[in-house]
Amino acid sequence: MSVKAVGWARSFPVSYGVRAGREWAREHLDVLGWSTQAPDTADSVVLTVSELVTNAHVHAHSEAQVVMVWDGCCLHLSVSDSSDMLPAEKAPDEERTHGRGMAIVDALADEWEAHPRSDGKTVTACFHAPGGTCTHSW
């Protein structure tokens, strides 16, 4: 019997979630070997965790539920919060000191999407396997 996927889940409260989220993600990327085999991709995942958990805390004023699932092709990083407002990229503005999170996610992830839920929303970013080819998307 072979394993088709492996995953991890954790909630991060507003009080200390962003840093803890980055550290948690890095630990699991280390287990997958991405930190040594594909450090740039691992850094992209960690930065995306940081941006999405920050968005949950700042915009939804809620804890962030983070799920990472590696299916052998794509690392699916999902962050859920209690806000029903779906994220949208904002036009670049050099005067603004915030509002760049989704542009960063868009630049780092191979794909991302947001879905409403009955109690909020979930944003999922996909990172393709380092050096591999994907035959499926989501």
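Predicted model: local features only at pLDDT ≥ 70, side-chain atom pairs only at ≥ 80, totals over all residues.
Me: OK. Which strands form a hairpin, with how many residues between them?
Reply: β4 and β5 do, with two residues between them. They pair in the antiparallel sense over seven bridges. Ala 114, for instance, has Val 123 in β5 as its bridge partner.

Me: And what does β3 pair with?
Reply: β3, residues 74–81, pairs with β5 in the antiparallel sense over eight bridges. Ser 78 stands opposite Thr 124 there.

Me: How many residues of β5 are buried?
Reply: Eight of the nine, so β5 is largely enclosed by the rest of the structure.

Me: Switching to charges. How many salt bridges are there?
Reply: Four in the whole structure. In one of them, the side chains of Lys 121 and Asp 81 meet at 2.9 Å, N to O. Lys 121 is in strand β5 and Asp 81 in strand β3, so the pair ties together parts 40 residues apart in sequence.

Me: Is Lys 121 buried or exposed?
Reply: Buried, because its relative accessible area is 8% and the cut-off is under 20%. Asp 81 is buried too, at 6%.

Me: What does Asp 43 meet in a salt bridge?
Reply: Arg 26, at 2.6 Å, N to O. Asp 43 sits in helix α3 and Arg 26 in helix α1, 17 residues apart. Asp 43 is partly exposed at 39%, and Arg 26 is partly exposed at 25%.

Terms used
Residues numbered from 1 in each chain as written. Heavy atoms only, no water. Buried < 20%, exposed > 50% of the residue type's maximum accessible area, 1.4 Å probe, protein only. Helix = DSSP H or I, 4+ residues; strand = E, 2+ residues; numbered from the N terminus. Pairing = 2+ DSSP bridges.
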